[in-house]
Amino acid sequence: MIITVTLNTAIDKTLSVPNFRLGRRHRTVEQTTMPGGKGVNVARVLKTLGTPVIATGLAGGATGTRIVDQLTQLSVLSDFVRIREESRTNTAVIDPTTGEQTEINERGPKVSEQEAELFVDKLLYLAKGARMCLFAGSLPRDVEIDVYARLIRELRRLDVLTIVDTDGDPLRRAVRAEPDIISPNVLEAEELVGHEFNDDEDRIIAVREMVGLGAREAIMTMPDGCFAHMHSSEPNGSHSPSLYRVQVPAGAVEPRATVGSGDAFLAGFLAAKYNNRSTEDCLRHGVACGAESTQHLGAGLVDPDRVERLLDEIEVQRPELPAEVT
């Protein structure tokens with residue numbers, strides 16, 4: 001079983017608005033509304049891919065009830081701690097004429113210390129039957145900034161693999177707790193290591209820097225794929241650190257909407273890892289899921305058949321570290 005943790009759950013609205021302009025009145029040509037938050041999106045894709053998953057976290061008010069009810073309708077197993085304040089609603093506007101997207105994410109509810117501790121107790125109970133646990137997304141108000149770090153240490157004692165996909169201070173604290181895998185995007189990775197990346201050489205160095213900060217393995221997602229520093233399996237059964245550049249070739253997929261593509265990537269990667277696939281296959285499957293998800297309006301949606309057809313097109317390179325940093 002894989003657990004996905006979403007402490008700042010949401011109802012996600014995605015609107016398709018041609019020729020979107022600020023300060024104007026518009027009408028949508030298409031829209032979707034679904035339960036969201038990064039971990040919820042990952043859980044939805046994992047379910048689609050046939051991987052055992054349970055979504056947990058915090059959900060409050062009528063919005064929280066709607067999130068749980070819609071996950072049940074999608075046959076996604078969930079077990080959330082109910083909180084007093086209302087869960088948030090996020091809105092994404094996609095302009096199909098330009099491909100631009102605008103996201104407006106609410107801060108989320110205040111969470112009491114008692115509610116946070118109830119969640120910790122629930123997670124530690126669920127983890128007894130889990131192989132992996134993903135901590136994903138932002139924190140709602142008044143939740144301790146080091147909550148992910150604390151839980152990573154707790155789950156290590158239970159021999160549960162931990163994955164983190166967040167940003168800012170929660171990510172910095174989590175990395176110090178030595179999670180098994182982190183998966184920031186480029187902007188989140190730049191913030192974590194403390195400098196901008198100008199080219200692929202910088203990005204190759206960055207994934208190793210992230211491992212140097214504490215994570216066992218690091219994946220940096222890109223619009224066209226990812227860079228990764230992983231421990232690949234050798235024929236003799238040993239594991240050695242390796243760098244990867246995995247990408248969709250130009251023109252293979254024409255993105256329609258990129259909201260949640262990083263979540264789909266992570267779900268594809270974890271599904272393959274859960275099935276004990278090789279490191280390269282896991283990254284390839286993740287990139288295929290992320291790319292295919294851009295064909296759908298709304299986060300956490302993939303077509304498994306199209307993912308399989310995309311797999312053969314995914315390019316995998318094994319770059320070397322620049323000589324001055326080896």
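Analyst: Here is a short tour, from the overall fold to single residues. This is a predicted model: local features need pLDDT of at least 70, side-chain atom pairs count only at pLDDT 80 or more, and totals for chains, interfaces and linings use all residues. Residues are numbered from 1 along each chain as its sequence is written, and side-chain values use heavy atoms, with hydrogens and water left out.

User: How many helices and strands are in the protein chain?

Analyst: The protein chain has 10 helices and 14 strands. Both are DSSP runs numbered from the N terminus: helices are H or I with at least four residues, strands are E with at least two.

User: What radius of gyration does the protein chain have?

Analyst: The protein chain has 19 Å. A compact globule with 326 residues would be near 20 Å, so the value agrees. The radius is taken over C-alpha atoms, and the globule rule is 2.2 Å times the number of residues to the power 0.38. Along its principal axes, the C-alpha trace spans about 55 × 50 × 35 Å.

User: And what percentage of the residues is buried?

Analyst: Buried residues make up 54% of the 326. Buried means under 20% relative accessible area, exposed means over 50%, and partly exposed is in between (1.4 Å probe, protein chains only).

User: What about contacts between residues at least 6 apart in sequence?

Analyst: Of those contacts, 65% join residues at least 24 apart. A contact means heavy atoms within 4.5 Å.

User: New topic. How many aromatic pairs does a search of the whole structure find?

Analyst: The search finds 2 aromatic pairs. Rings of Phe, Tyr and Trp (its six-membered ring) pair if their centres lie within 6.5 Å; planes under 30 degrees apart count as stacked, over 60 as edge-to-face and the rest as tilted.

User: Why is the pair of Phe135 and Tyr148 called tilted?

Analyst: Their planes are at 45°, so the pair is tilted. The ring centres are 5.5 Å apart. Phe135 lies in strand 8 (residues 132-136) and Tyr148 in helix 4 (residues 147-157), so the pair ties together parts 13 residues apart in sequence.

User: What lies over the face of Tyr274?

Analyst: Arg131 does, at 4.1 Å from the ring centre. For a charge to sit over a ring, NZ of Lys or CZ of Arg must be within 6 Å of the ring centre and within 35 degrees of the ring normal.

User: Let's switch to helix 6. How many of its residues are buried?

Analyst: Helix 6 (residues 186-193) is mostly covered, with 6 of its 8 residues buried. They are Val186, Glu188, Ala189, Glu190, Leu192 and Val193.

User: What covers them?

Analyst: The cover includes strand 9 (161-165), helix 5 (168-176), strand 10 (181-182), helix 7 (200-212) and strand 11 (217-222).

User: What does Val186 touch?

Analyst: Not counting residues up to four places away in sequence, Val186 touches Phe197, Met220, Thr221 and Met222. Val186 is buried, at 18% relative accessibility.

User: What happens at the start of helix 6?

Analyst: A side-chain oxygen of Asn185 reaches to within 3.2 Å of the backbone nitrogen of Leu187. After helix 6 comes Gly194, whose phi is positive, near 90°.

User: Which phi does Asp142 have?

Analyst: Asp142 has a positive phi of about 75°, although it is not a glycine. Asp142 sits in the loop between strand 8 and helix 4 and is exposed, with a relative accessible area of 58%.

User: And where is Asp159?

Analyst: Asp159 is in the loop between helix 4 and strand 9. Its phi is positive too, about 60°, and it is not a glycine. Asp159 is exposed, at 69% relative accessible area.

How values were computed: A polar contact is a pair of N or O atoms within 3.5 Å; within protein, one must be able to donate a hydrogen and the other to accept it, and residues adjacent in sequence count only if both atoms are side-chain atoms.
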